[in-house]
Amino acid sequence: MTDHYGYRKKFAVLVPSTNTAVETEYHMMRPEGVVLATRGCTIPPFSVQSEEDFVNMVKAIGAATEQGLRDALTCQPDHVIFGYSAETFWDGKERSDREFRKYNDIAQALGGCNITFGAQAILDALACYPHVRRLGVITPYMPVGDQQVVKFLGDIGYEVVHIDGHRSDSPVTIAHESTAKTRELVRAVDGVAVDAILQAGTNLYFVELAAQLEQELGKPVLAINAITLWHALRANGIPDRIRGFGSLLAEH
């Protein structure tokens with residue numbers, strides 16, 4: 001017996017409770033026969049006015065993650081996707097790998113399944129573009145969050161040429177940022193020295209804009225929500241080429 005609509009795979013999608021973009025964008029990209037069961041790690045709708053506020057928000061997500069994962073596993077998924085990114089970058093690759101193993105061990109022990117973690121999914125996605133080594137990065141983060149992205153990417157062998165962020169004033173209002181402003185950020189971090197654009201921050205709507213920008217800029221533009229869904233699909237033997245959301249899902 002399989003899930004009625006998830007006859008190919010059932011994915012649990014773990015997000016901060018303040019996040020709306022992951023569920024929305026995943027359903028836009030979802031192939032037929034895949035069910036997405038979204039489950040929240042409960043955090044407050046923080047006011048983020050300082051770097052300290054941002055760090056406290058990330059710590060709250062980390063503190064809620066294990067219970068959120070255990071709750072998500074009760075739907076008996078085939079795989080769990082972690083629909084957030086900042087906490088997966090924090091303190092670089094060594095800590096990221098350690099956190100991945102911790103949560104993957106829980107998923108295997110309780111659910112007999114594996115997880116997709118934002119940082120590791122980015123590593124696998126970038127490997128699809130062997131010419132890419134220098135990145136322009138956009139985020140919704142405060143500068144302290146941007147620094148963590150730069151550290152992680154440096155640890156895995158990529159140079160961040162430029163990085164800029166919306167500096168959104170809460171985890172909720174990340175999803176309120178305008179496409180026009182996001183376009184301006186991309187233009188600010190792009191340049192002849194940049195091989196590809198990478199976006200972090202899963203509550204920032206970007207998958208459709210990424211596809212448009214790839215055509216305009218003539219280089220890969222990678223959205224975090226496309227990256228994590230792509231990783232989960234390919235890790236579970238689903239090869240569908242999904243168009244309209246960038247070259248990663250369409251060509252790899």
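Let me start with strand β3, residues 79-82: H79 and I81 point one way, V80 and F82 point the other way, and all are buried. Buried here means under 20% relative accessible area, with a 1.4 Å probe and protein chains only. Strands are DSSP runs of E with at least two residues, helices are runs of H or I with at least four, and both are numbered from the N terminus. In a regular strand the side chains alternate between the two faces of the sheet.

Before going on, the model is predicted: local features need pLDDT of at least 70, side-chain atom pairs count only at pLDDT 80 or more, and totals for chains, interfaces and linings use all residues. Residues are numbered from 1 along each chain as its sequence is written, and side-chain values use heavy atoms, with hydrogens and water left out.

Back to β3 and its partners. Two strands pair if DSSP finds at least two bridges between them. Strand β1, residues 9-16, runs parallel to β3 and is joined to it by four bridges. V13 is the residue opposite I81 in that pairing. With strand β4, residues 114-116, β3 also pairs in the parallel sense, over three bridges. There, the bridge partner of I81 is T116.

Next, the sheet of four strands. This sheet is open, with the order β6-β5-β7-β8 and parallel pairing. β6 (159-165) and β8 (221-223) are at the edges with a single partner strand each, so one side of each has no neighbour in the sheet. On average, neighbouring strands of this sheet are turned by 20° against each other, direction ignored. Axes are lines fitted to C-alpha atoms, for helices over the stretch in contact, and angles run from 0 to 180 degrees between N-to-C directions. Helix α9, residues 224-235, packs on the sheet and touches β7 and β8, and its direction makes about 75° with that of β8. Contact means heavy atoms within 4.5 Å. Inside the sheet, β5 (residues 134-139) and β7 (residues 196-199) run parallel and are joined by four bridges, with L135 opposite A196.

On a 1 Å grid over the protein atoms alone, a cavity is a set of points where a 1.4 Å probe fits but cannot get out; a pocket is an open set with protein on both sides within 12 Å along at least five of seven lines; lining residues have an atom within 4 Å of a point. Grid points are joined across faces, edges and corners, and a volume is the space filled by probe spheres set on the points.

How many cavities of 30 Å³ or more are there? The count is two. The largest cavity has a volume of about 190 Å³. Of its 18 lining residues, P16, M57, I61, I174 and T202 are the closest to its centre. Helix α2 gives the most to this lining, with three residues. The second largest cavity has a volume of about 40 Å³, and its lining includes F54, M57, P140 and I174.

Last, the largest pocket, which holds about 160 Å³ of space. Among the residues lining this pocket are E25, M28, E177, Y205 and Q212. The elements giving two or more residues to the lining are α1 (21-29), α7 (179-189) and α8 (207-217). Which of them gives the most? α8 does, with four residues.

Definitions and conventions: Buried means under 20% relative accessible area, exposed over 50%, partly exposed in between (1.4 Å probe, protein chains only).
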